[in-house]
Amino acid sequence: GYRTALLTGASRGIGEAVAVALAEAGLDVALFARNESDLARVAGRVRAAGRDALVLAGDVTREEDVVRAVREAEARWGAIDVLVNNAGIGLFKPTWEVAADEWRRVLDVNLTGPFLFCKAVVPGMIARGRGQIVMISSDVGRRTIPDGAAYCASKFGLQALTEVLRKEVRAKGVKVGAILPGMTDTYFAGSVQGDPRKADWLKADDVARAVLAMVAAPPHAQIDEIMLHPMIQEY
Ligand code: NJP
């Protein structure tokens, strides 16, 4: 089984739930995000589950942050077995009201960030002949919604990256999969986790369970994608 993971967007929301779930499943977890005090809290939860936690502060859009984080995790554990590309931001407004800088930021965080992490982690996985990459994509990475031009474009792009990379690394023993969650109660797009108006939405733990299912597939099998929605969501 896999022993170590590097997780982006680990400071809250889905990432926090994935961090704890991976630790409870027996993996050491490197936690990457910008907010160091949130990361320290999540690291405490990983250690409480009996696993090693590494706090890696950085921005997924900065290649030097990405390379340094991967180097630190590999130096500590010798290998990153699992990469979870979870960091992401939402932006929902009519296309013509999106500022050019907002457009670029969404593409940069949601698509270029995962590309940079894959680029930094995959060579080691290929050298070892094993590894699992999990992209936290979106249900709207497969179908579009009004007001979602930048966000949908970023997640459709992430789906393309996922599928290309899968074809490139399968024969080298590396698995690439995507989780496509629907509406999930987190801090996403400026909301607050636990807001009673989101009581019927997916919980971060629901998404974490899907990640674990993917990571726990036996060596001869890969799960390409898992899409999940709350029962109340129409689509
Ligand atoms: O959102 P939130 P979620 N560099 O806001 C980090 C997808 N998804 O958990 O840097 C590094 O609670 C940020 O940390 P910090 C969504 O697209 C969600 O819902 O400290 N990290 C925090 O840890 C995304 O890919 C829903 O601010 C950066 C985390 O990302 C994933 O789920 C539906 C960063 C965001 O936590 C997790 O989002 C769906 C940067 N530049 C897909 N920018 C949903 N919630 O409904 C942000 O279909 N982060």
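Biologist: Let's start with the wording: angles under 35 degrees count as roughly parallel, over 145 as roughly antiparallel, 65 to 115 as roughly perpendicular and the rest as oblique. Which word goes with helix 1 and helix 6?

Modeller: This is a predicted model, to be clear from the start. In it, helix 1 and helix 6 pack at about 50° with their axes 8 Å apart, and they are therefore oblique to each other. Helix 1 passes helix 6 in a right-handed crossing.

Biologist: Which residues meet there?

Modeller: From helix 1 you have Gly-13, Ile-14, Ala-17, Val-18, Ala-21 and Leu-22, and they meet Ala-204, Asp-205, Val-207, Ala-208, Val-211, Leu-212 and Val-215 in helix 6. By type, the residues of this contact are eleven nonpolar, one polar and one charged.

Biologist: And helix 1 against helix 2: at what angle do the axes cross?

Modeller: Roughly 20°, and the axes come within 8 Å. Helix 1 and helix 2 are therefore roughly parallel to each other, and their crossing is right-handed. Glu-16, Ala-19, Val-20 and Ala-23 of helix 1 make the contact with Arg-41, Val-42, Arg-45 and Val-46 of helix 2. The residues of that contact are five nonpolar, no polar and three charged.

Biologist: How many residues of helix 1 are buried, then?

Modeller: Eleven of its twelve residues are buried, so helix 1 is largely enclosed by the rest of the structure. The buried residues are Gly-13, Ile-14, Gly-15, Glu-16, Ala-17, Val-18, Ala-19, Val-20, Ala-21, Leu-22 and Ala-23.

Biologist: What covers them?

Modeller: The cover includes strand 1, strand 2, helix 2, strand 4, strand 7 and helix 6.

Biologist: What is the reach of helix 1, first C-alpha to last?

Modeller: Helix 1 (residues 13-24) reaches 17 Å, close to the 16 Å expected at 1.5 Å a residue. After helix 1 comes Gly-26, with a positive phi near 100°.

Biologist: Which residues other than glycine have a positive phi?

Modeller: Asp-147 is one of them, with phi near 70°. Ala-189 has a positive phi too, near 50°. For background, most residues other than glycine have a negative phi.

Biologist: Where do those two sit?

Modeller: Both are in loops: Asp-147 in the one between strand 5 and helix 5, and Ala-189 in the one between strand 7 and strand 8. Asp-147 counts as partly exposed, at 38% relative accessibility.

Biologist: Back to helices. How do helix 4 and helix 5 pack?

Modeller: Helix 4 (residues 100-128) and helix 5 (residues 149-169) have their axes 8 Å apart and pack at an angle of about 15°. That makes helix 4 roughly parallel to helix 5. Helix 4 passes helix 5 in a right-handed crossing. On the helix 4 side the contact includes Trp-103, Leu-107, Phe-115 and Ile-126, and on the helix 5 side the residues include Tyr-151, Lys-155, Leu-158 and Val-169. The residues of this contact divide into 17 nonpolar, three polar and one charged.

Biologist: New topic: Ser-11. Buried or exposed?

Modeller: Buried, at 6% relative accessibility. Ser-11 is in the loop between strand 1 and helix 1. Beyond its neighbours within four places in sequence, Ser-11 is in contact with Glu-16, Ala-33, Asn-35, Asp-38, Leu-39, Arg-41 and Val-42. Among them, Glu-16, Arg-41 and Val-42 also take part in the contact of helix 1 with helix 2.

Biologist: What about Leu-180: which element is it in, and what is its accessibility?

Modeller: Leu-180 lies in strand 6 and counts as buried at 0% relative accessibility. Its C-alpha is 4.1 Å from that of Ser-138, a residue 42 places away along the chain. Leaving aside neighbours within four places in sequence, the contacts of Leu-180 include Ser-137, Ser-138, Asp-139, Gln-159 and Met-227.

Biologist: Last one. How exposed is Ala-213, and what does it touch?

Modeller: Ala-213 lies in helix 6 and is partly exposed, with a relative accessible area of 38%. Not counting residues up to four places away in sequence, Ala-213 touches Ile-223 and Ile-226. Ile-226 is also among the contacts of Leu-180.

Biologist: And how far apart are Ala-213 and Trp-96 in space?

Modeller: They are 40 Å apart, C-alpha to C-alpha, and 117 residues apart in sequence.

Notes: Residues numbered from 1 in each chain as written. Predicted model: local features only at pLDDT ≥ 70, side-chain atom pairs only at ≥ 80, totals over all residues. Heavy atoms only, no water. Axes fitted to C-alpha atoms, helices over the stretch in contact; angles between N-to-C directions. Helix = DSSP H or I, 4+ residues; strand = E, 2+ residues; numbered from the N terminus. Left-handed = near helix turned anticlockwise from the far one by under 90°. Contact = heavy atoms within 4.5 Å. Nonpolar A, V, L, I, M, F, W, Y, C, P; charged D, E, K, R; others polar. Expected span 1.5 Å × (residues − 1). Buried < 20%, exposed > 50% of the residue type's maximum accessible area, 1.4 Å probe, protein only.
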